[in-house]
Amino acid sequence: AGSLAKAGFCLVSGMAMGVDTVVHRAALDAQGSTIAVLGSGVDYAYPRCNQSLYEDILKSSGAVIS
């Protein structure tokens with residue numbers, strides 16, 4: 001995921017625990033872009049354990065959508 005982000009790809013995933021979290025973190029660590037597609041509303045992080053990831057995506061060049 002990090003290599004793809006460095007190559008200019010925007011990574012899209014669901015922000016769920018596990019591989020989704022890893023994909024978003026790898027994109028952020030590579031200063032790439034990522035889009036989190038939530039199954040809930042965009043006004044809070046789900047799952048709650050990904051609150052810091054949610055905030056990091058919003059601070060970056062990424063997006064959180066529902």
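The model is a predicted one. Helix 2 and helix 3 cross at roughly 40°, and the buried residues of helix 3 pack against helix 2, strand 2 and strand 3. The backbone includes a cis peptide bond from Y46 to P47, and positive phi values occur at M15 and at Q31.

**Helix 3 and its buried side**

- Helix 3 spans residues 51-59, and its buried residues are L53, Y54 and I57.

**Crossing of helix 2 and helix 3**

- The axes of helix 2 and helix 3 come within 11 Å and cross at roughly 40°.
- Helix 2 is therefore oblique to helix 3.
- The crossing of the two helices is left-handed.
- Helix 2 contributes T21, H24, R25 and L28 to the contact, while helix 3 contributes S52, L53, D56 and I57.
- By residue class, the contact of helix 2 with helix 3 divides into 3 nonpolar, 3 polar and 2 charged residues.
- L53 and I57 belong to the buried residues of helix 3 and also take part in the contact with helix 2.

- V23 is located in helix 2 and has a relative accessibility of 19%.
- V23 counts as buried because this value is under the 20% cut-off.
- Beyond residues up to four places away in sequence, V23 touches A1, L11 and S13.
- The C-alpha atoms of V23 and C10 are 11 Å apart in space, and the two residues are 13 apart in sequence.
- S13 lies in strand 1 and is buried, with a relative accessible area of 12%.
- Leaving aside neighbours within four places in sequence, the contacts of S13 are D20, V23, H24, I35, A36 and V37.

**The loop between strand 2 and helix 3**

- S40 is found in the loop between strand 2 and helix 3.
- The relative accessible area of S40 is 17%, and S40 is buried.
- S40 touches Y46 and S66, not counting residues up to four places away in sequence.
- P47 also has its place in the loop between strand 2 and helix 3.
- The peptide bond from Y46 to P47 is cis, with omega near 0°.

- Most residues other than glycine have a negative phi, and most peptide bonds are trans.
- M15 has a positive phi, near 65°.
- M15 is placed in the loop between strand 1 (11-13) and helix 2.
- M15 is buried, with a relative accessible area of 0%.
- Q31 has a positive phi, near 55°.
- Q31 is found in the loop between helix 2 and strand 2.
- Q31 is exposed, with a relative accessible area of 69%, whereas M15 is buried.

Technical notes:
Residues numbered from 1 in each chain as written. Predicted model: local features only at pLDDT ≥ 70, side-chain atom pairs only at ≥ 80, totals over all residues. Heavy atoms only, no water. Buried < 20%, exposed > 50% of the residue type's maximum accessible area, 1.4 Å probe, protein only. Helix = DSSP H or I, 4+ residues; strand = E, 2+ residues; numbered from the N terminus. Contact = heavy atoms within 4.5 Å. Axes fitted to C-alpha atoms, helices over the stretch in contact; angles between N-to-C directions. Parallel < 35°, antiparallel > 145°, perpendicular 65-115°, else oblique. Left-handed = near helix turned anticlockwise from the far one by under 90°. Nonpolar A, V, L, I, M, F, W, Y, C, P; charged D, E, K, R; others polar.
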